[in-house]
Amino acid sequence: MMTSQTYTAVLGRLDATRVTVKGYLYQVDFGPTVKSRHHTVDRQLTCTCGLGASCPAVLAVIEYLAEGGAEPPEPPDGFFLLAPRDCPVCGAPAHFNKKLCHRKRGAGWVCSKGGVGHYWRYHFSIHAPGRGRAGQRPALRSSASLHR
Ligand SMILES: [Zn+2]
Ligand SMILES: [Zn+2]
């Protein structure tokens with residue numbers, strides 16, 4: 001974690017900072033003199049390091065964009081760059097789950113209340129072809145195979 005002291009030091013060093021685009025995210029490199037050197041920022045300008053929107057890496061990205069830097073491409077619908085903090089189905093805290101990471105769905109996560117069922121419910125609602133078809137339920141089989 002960054003302390004407020006390193007925070008200030010980083011702000012003074014924005015010139016030495018490099019911002020690049022990797023996949024759907026910004027990668028921020030503060031250079032070798034900063035302890036927490038590498039940060040990952042999403043398109044909503046939230047850093048993954050725990051400081052979120054108040055991370056100095058976000059300022060670096062804003063500066064990068066102001067100078068004409070390219071934005072990362074928009075991820076497809078229902079794609080999670082990072083596990084959500086709150087379950088999009090019920091709002092309970094959600095946790096990252098490596099086994100559920102997927103090329104098309106992005107970061108895997110599990111709801112603390114609804115478990116893997118909410119993960120599948122969410123993705124199924126996103127990728128369902130429309131309301132005309134009543135949903136089959138692919139969730140049960142998929143979740144069973146995850147608990148091996
Ligand atoms: Zn950060
Ligand atoms: Zn949930």
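**Fold, sheet and cores of the predicted model**

Among contacts in the protein with a separation of 6 or more, 41% are between residues 24 or more positions apart. That figure, like everything below, comes from a predicted model. The protein runs to 148 residues, and 20% of them count as buried. Its secondary structure amounts to four helices and five strands. Going along the sequence, these elements come in the pattern α-β-β-β-α-β-β-α-α.

Now for the sheet. Strands of a sheet pair through backbone hydrogen bonds, and the pairing can be parallel or antiparallel. Here, three strands form an open sheet in the order β1-β2-β3, and the pairing is antiparallel. β1 (18-22) and β3 (38-41) sit at the edges, each pairing on one side only. On average, and with direction ignored, neighbouring strands of this sheet are turned by 25° against each other. Looking at one pair in detail, β1 and β2 run antiparallel and are joined by five bridges.

Next comes the packing. The largest nonpolar core has 12 residues in all: V19, Y26, V28, F30, V41, C47, C55, A57, V58, A60, V61 and Y64. Both β2 (25-29) and α2 (56-66) put at least two residues into this core. It is α2 that gives the largest share, with five residues. Another core lies apart from this one; it is made of 11 residues, and F80, C87, C111 and Y122 are among them.

Setting aside neighbours within four places in sequence, V41 is in contact with L25, Y26, V28, T46, C47, A57, V58 and V61. Of these partners, Y26, V28, C47, A57, V58 and V61 also belong to the largest nonpolar core, as does V41 itself. V41 falls within β3 (38-41), one of the edge strands, and its partners L25, Y26 and V28 fall within β2 (25-29).

As for α2, its buried residues are P56, A57, V58, A60, V61 and Y64. A57, V58, A60, V61 and Y64 are also listed in the largest nonpolar core. After the helix comes G68, with a positive phi near 95°.

Methods. Residues are numbered from 1 along each chain as its sequence is written. Chains are lettered from A and ligands numbered from 1 in the order in which they are written. This is a predicted model: local features need pLDDT of at least 70, side-chain atom pairs count only at pLDDT 80 or more; totals for chains, interfaces and linings use all residues. A nonpolar core is a set of buried Ala, Val, Leu, Ile, Met, Phe, Trp, Tyr and Cys residues joined through C-beta atoms within 7 Å. A residue is buried if 20 or more other C-beta atoms lie within 10 Å of its own, exposed if 12 or fewer, and partly exposed in between; C-beta atoms are placed from the backbone. Two residues are in contact if their C-beta atoms, placed from the backbone, lie within 7 Å. Two strands pair if DSSP finds at least two bridges between them. Axes are lines fitted to C-alpha atoms, for helices over the stretch in contact, and angles run from 0 to 180 degrees between N-to-C directions.
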